[in-house]
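Welcome, and thanks for taking a look at this one. Below is a short briefing on how some parts of the molecule are arranged against each other.

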Amino acid sequence: MNVQQRTPPSHSPMHQFPVRDGELVVGGMTLTRLAARVGRTPFYAYDRALLTRRVGEVRGALPAALKLHYAMKANPMPALVCHMARLVDGIDVASVGELKVALDAGADPRDTSFAGPGKQHAELRQAVAAGILINIESFREVRELLSICEQTGDRARIAVRVNPDFELKSSGMKMGGGAKQFGVDAEQVPELLAEIGRSGLAFEGFHLFAGSQNLKPEAIVEAQSKSFELALRLAGAAPSPVRFLNLGGGFGIPYFPGEQPLDLAPIGAGLATIVDRAAQQLPEAELVLELGRYLVGEAGIYVSRIIDRKISRGHCYLVTDGGLHHHLSASGNFGQVIRKNYPVAIGNRMTSRDREAVSVVGPLCTPLDLLADRMELARAEAGDLVVIFQSGAYGFTASPQAFLGHPACLEAVV
Ligand SMILES: *Cc1c(COP(=O)(O)O)cnc(C)c1O
C-alpha cells in the first residue's frame, strides 16, 4: 500500500516566525507579550522585518531593471504603507482613499498610479491635481479627463489598462481575459489610443493585470510574456513612445493544505528575457511589476483569544473573541468555492505535544463564523491565543467589521 498517497496534504510550514519558549515570536516579541503590548484581542500584527525581507527576496530574484510597486489594496494600513513606501519603487492605489494614505505615507506622485473601474469626475480631478499616473479603464474616463484638463490647464498623465485577449491560467481570481469590467478590451485599444492622441493627454504606456493568487510559475511567465507581446503590438498605435509598462503580478502565497510557496526563479528568468527584449523594442519603457498579497500576506497574523471551550456531542469547539467580521477570508467566505482551513496554531503552545482535533469559531450568531474546521491543534484552554497565519493581505479591510456590532479589531506593525 502506498502510504504517501493516503497521507492527507498538509499546510506549507509557517517558518517565517521563530518560536521561543514555546511561543510564536512576532516583531521580536513572544505572542503573550505582544498581546499585552497591543492591549486587547483580537488584533492583526504585521512584522516589519518580514516585510523588508520579502521585498529583498523579490528584488533578488527579479531583474534589477524591473521596478517593484506595492498594490496597497492588499493592506492599506497607514503605518504599513509608510514602511512599504520606503522599500518599493512605487505605490498602486485603487481609490482616492488609498491615494490619500499613499501620499501621506510619502509616496512620490510620479511613481504612484491609480487603477479601478468607474473612476468618477471628482476622483479623477483629485488624481490629476496630485500628478499621479491614471490607468484609464474606459472611453468615458478619457473624456472626463479631457474636460478636467481643459478647465484646469493641467496635463493628465495616463496609461491604458488593457483587458487582454488571454487569461492568467490557474489564478485564484481572474481579472483579465474574456468579458471583464476591468480595463479596455485589447481590440478597442487602438481606437482609444487615437482618441487619446487627439485629446493631448500625456500618454505614458500600458497596464495589464491578468489575475491574483497564482502559485504556478509557468502560468505567470506565460501571462507576462503574452502581456509584453500585446503591449508591443499596441505600442504601434500609441500617440507617443511607451515610457511605462506595468506587467501586473498576481504572485500567490500558500494558504491551504497541499499548496507550496511560489518558486520565483523561473519568473525571474522569464522577466529577464522580457527586460532584454524591451531594451531593444521599447527602449524608453520602464517595466513595472505590481504586487500586493505576495509582499505583505505572509508577514501578518490575526490573533484572537479563546473565550470558551465547549464540547458538543463529542466535538470540541474553541470559541474565540475574533471571527469572520475581522477575517472574512479565513472563514472561507471571500471567494472560496469549497471552504478550506488557513494555517492556524495555538500561538502560546507552539511546542505542545498534547494535540486534539477541534473547530475554532467566532462569537457571531451564524455557522459561517468558522475559523478552523476540525483541525489538529495543541490542546487549548480559555485564555490561550489562536493565530491565523498568512493574514497580512485582504484581512482587516476585506472583512465586514460592522456585522453583528462587536468591537472593531486592532492592527499593529511591529
Ligand atoms: C488587486 C490588484 C493588485 C494586487 O493583487 P495581488 O494579488 O494582491 O498581488 C494589483 N493590481 C491591480 C490592478 C489590482 O486590482
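The protein splits into two domains: domain 1 covers 19-46 + 298-413, and domain 2 covers 115-291. Please keep in mind that this is a predicted model.

**How the domains meet**

- Taken over C-alpha atoms, the centres of domain 1 and domain 2 lie 36 Å apart.
- Domain 1 brings 7 residues to the contact, and domain 2 brings 5 residues.
- The size of an interface is often given as the accessible area lost when the parts come together.
- For domain 1 and domain 2, the buried area is about 700 Å², and carbon and sulfur atoms account for 64% of that area.
- Which residues of domain 1 supply more of its buried area than any other three? They are Glu298, Lys340 and Gln390, which together give 47% of the area that domain 1 buries against domain 2.

**How H6 packs on H7**

- Helix H6 spans residues 121-130 and helix H7 spans residues 139-152.
- Their axes are 10 Å apart and form an angle of about 55°, which makes H6 oblique to H7.
- The two helices, H6 and H7, cross in a right-handed sense.
- On the H6 side, the contact is made by His121, Leu124, Arg125 and Val128.
- On the H7 side, Glu141, Glu144, Leu145, Ser147, Ile148 and Thr152 take part.
- Sorted by class, the contact of H6 with H7 holds 4 nonpolar, 3 polar and 3 charged residues.

Technical notes
Residues numbered from 1 in each chain as written. Predicted model: local features only at pLDDT ≥ 70, side-chain atom pairs only at ≥ 80, totals over all residues. Heavy atoms only, no water. Axes fitted to C-alpha atoms, helices over the stretch in contact; angles between N-to-C directions. Helix = DSSP H or I, 4+ residues; strand = E, 2+ residues; numbered from the N terminus. Parallel < 35°, antiparallel > 145°, perpendicular 65-115°, else oblique. Left-handed = near helix turned anticlockwise from the far one by under 90°. Contact = heavy atoms within 4.5 Å. Nonpolar A, V, L, I, M, F, W, Y, C, P; charged D, E, K, R; others polar. Domains from an automatic or database assignment. Buried area = accessible area lost by both parts, 1.4 Å probe.
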